Amino acid sequence: PYFEEEREGWKGYIEWEKHPEKKKQVEEVLKQYDFPDPPEFQFVPLPKTNPILTGERFKQYHYATGLGHLVDISWQYVLKEKAADMTHVLQFPYNGEPPRSKSAGVHHPCREKNALSNQELRYIQDRLVSTEITRNEDFFVRNHGGVPEIDPEKYYLEIEGLVKNPQRLTLKDLQDESKFPRQTNVVSLQCSGTRRLEQIHQYPGDGDELINAPWAEGAIGAARWTGVSLKKVIKYCGGLKDDAMHIELFGADTYFKKGKVYNYVVSVPWRKVKINEVLLAWEMNGEPLPKLHGFPLRAVVFGYIGARSCKWLYKIRGIKDPSEAPVQRKEYLYYTPQIGKQNALYSNGFSIQDMPVSSAIISPKDMDVITHDGKVKLKGWAYSGGGHWPIRVEVSPDGGAIWYEVPTENMSTKYYYAWRLWEIELPLDPEGWLEFCVRTWDSALNTQPTYVRSAWNWDLHVTSSCHRIKIYSIN
Ligand code: MTE
Ligand code: MO
C-alpha cells in the first residue's frame, strides 16, 4: 500500500521523455551500477579534503560528506554507495522543481569551496533570527523526493480505513466554514536533523544522514498556519471505529529507498489528534501553501519532529497500530549511544515523535573573531516540543561554568507551539579563545544535556545538547 497510486490531476513522477539525451547518458553511467533510472543528472566535483572527518574510519564517507552543501536535499538519488571511489558524484534533480532561495535550502556551515561563503551564511542565519515568524522564502525545506504537481481543482482528500463513514473532501469542502471551523496557530516545525552536524563531528553513524540532511542550526522556523483540525475532519466522517488508535498520512511525493519507489507515509496517534494538535493547513503566513511546503494541503503536527507534518497530503487512513510505512518504521528512530554498526536493529530504536527542548546561538558564529570593549551581544533561538515552550534561556561565556539568564523581555512572544528568539548582552573581559554555550529550560522544567556525546545516537537525530561555539575575543 505504500507505493505510488495513479490519480487524475496529480503528477508525482518524473517526466523522463522530456530528456532523451540525458536519459541516454545516464543509462550509460548507470550500467555500471545497479540503480533505478534517473531522469536527469549532473556531475558535481567534490572537495578533495573534508575538514570535518579525518582518519581511517571515516574514509568511506570522505566524498559523501562534501555533498551536504553541494547537493540539496531534494535530489532524487545519489550514488552514495559508490561515493567512496569517486571524485564526482551524480546528482539527479527533479523536473519542474520550484526554485529555492538559498536561505530555504542551506542552513549548515560547511565551509569548503563551493559552499556558501561565510558572508552569505551569516546573512542567511541572521535573517532567520530577525523575525519571530519566519518568512516563507526563508523557511527551511526538507524533501525526501521531488515536489509533486497537484491540480487544486482536481484535488481531493481521501479519508478511509477505520473511520465510520469514509469520505472524499475537496479543498472547497475543507474550506467551507459551515462544515469545518477554521483554525490558525503559530507553530514551529523543526527537522529532527537540526544541529546534526554537531553529532557528525563526533562520529557520523552509518553515514546516511551525512548525505540526506547534514543540518546545522537552521532547520527550524515558525509560521502562522491556517486550516482545519484533523480531529474535526475525522468527526465529520462519523469518528473512528473502535479499534483505531492512529491516523496514517499519505504524501503524494515519491522517493527511492533501496531501489524501490515509495510514497512518503507517516502516522500520528489519535490521542495527539484528539487535542487539536494536528492541523490540515492550506495557508502559510497568510499565503496559499507554497509548492515546496506541500501545496495544496499539508499536516502540521504541533511539537512533533518535522517528519510527521506530511506535505502534499492526499489520503488519510484510520489504523490500529503505527504505520508500517518505511518512513515511520525504519527512519526517525532514536537509539541509545551503545547502538552502532554491529547492533543497529530497527527494533532497538524508539520511534521519535515529540521534539525535545533545544536551542542555538546564531550570532556570533563558531570561529568568529570578535573585537569588543567589554561587552558582547548573543542572539539565537530556543524551542521545546511535546506541548512545552521555553521559559528560560541561559548562556555561558566559559563553556558552562558561569551562566547568565536571558531577561524575559529579551525573549520573543510565547506562542506555546513555537520557538522563542532571544538576545543578551554579556559582560566579557578575557581575551583569546572562549567557548560560548546556551541551554534552555522548558515549561516542564526539562533542560538540555551538557555535551553532544551524552545524547549521540546512531541515526544522528534530535541533537539537543547545549549548543557550543568557539570565538576569539579581542578586548
Ligand atoms: N512530507 C512529505 N510528503 N515528503 C517529505 O519529504 N519531509 C518531512 C516533512 N513532511 C517530507 C514531508 C520532513 S523530514 C520535514 S523536517 C518537514 O516536512 C519539513 O517541512 P518544510 O519543508 O515545509 O520545512
Ligand atoms: Mo526532517
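1. A polar contact is taken here as a pair of N or O atoms within 3.5 Å. The structure is a predicted model, and the distances below should be read as belonging to that prediction. With that cut-off in mind, a backbone N or O atom of Phe140 makes such a contact with ligand 1, lying 2.6 Å from one of the ligand's oxygen atoms.

2. Which residues come nearest to ligand 1? There are 19 residues around the ligand, and the nearest of them are Phe140, Asp253, His293, Arg298 and Lys311.

3. Turning to the strands, I would look at strand 5, which covers residues 156-161 and is joined by four bridges to strand 6, residues 167-170, with the two running antiparallel. Strand 5 and strand 6 form a hairpin, with five residues between them, and within this pairing Glu158 stands opposite Arg168 of strand 6.

4. Strand 5 also pairs with strand 14 (residues 313-319), again through four bridges, but here the strands run parallel. Glu158 takes part in this pairing too, and its bridge partner in strand 14 is Lys315. In general, the strands of a sheet pair through backbone hydrogen bonds, in either the parallel or the antiparallel sense.

5. An open sheet with mixed pairing is formed by five strands in the order 18-24-23-20-21. Its edges are strand 18 (368-371) and strand 21 (404-405), each of which pairs on one side only. Inside that order, strand 23 (residues 432-442) and strand 24 (residues 467-474) pair in the antiparallel sense over seven bridges, and the bridge partner of Phe436 in strand 24 is Ile469.

6. Two peptide bonds deserve a look in the viewer. The bond from Phe295 to Pro296 is cis, with omega near 5°, and Pro296 has its place in the loop between strand 12 (287-288) and strand 13 (298-301). A cis peptide bond also joins Ser363 and Pro364, with omega about 0°, and Pro364 lies in the loop between strand 17 (358-363) and strand 18.

7. Lastly, Trp312 has a positive phi of about 50° although it is not a glycine, and this residue lies in the loop between strand 13 and strand 14. As background to this point and the previous one, most residues other than glycine have a negative phi, and most peptide bonds are trans.

Definitions and conventions:
Residues numbered from 1 in each chain as written. Chains lettered and ligands numbered in written order. Predicted model: local features only at pLDDT ≥ 70, side-chain atom pairs only at ≥ 80, totals over all residues. Heavy atoms only, no water. Near = heavy atom within 4 Å. Polar contact = N/O pair within 3.5 Å; in protein donor to acceptor, adjacent residues only side chain to side chain. Pairing = 2+ DSSP bridges.
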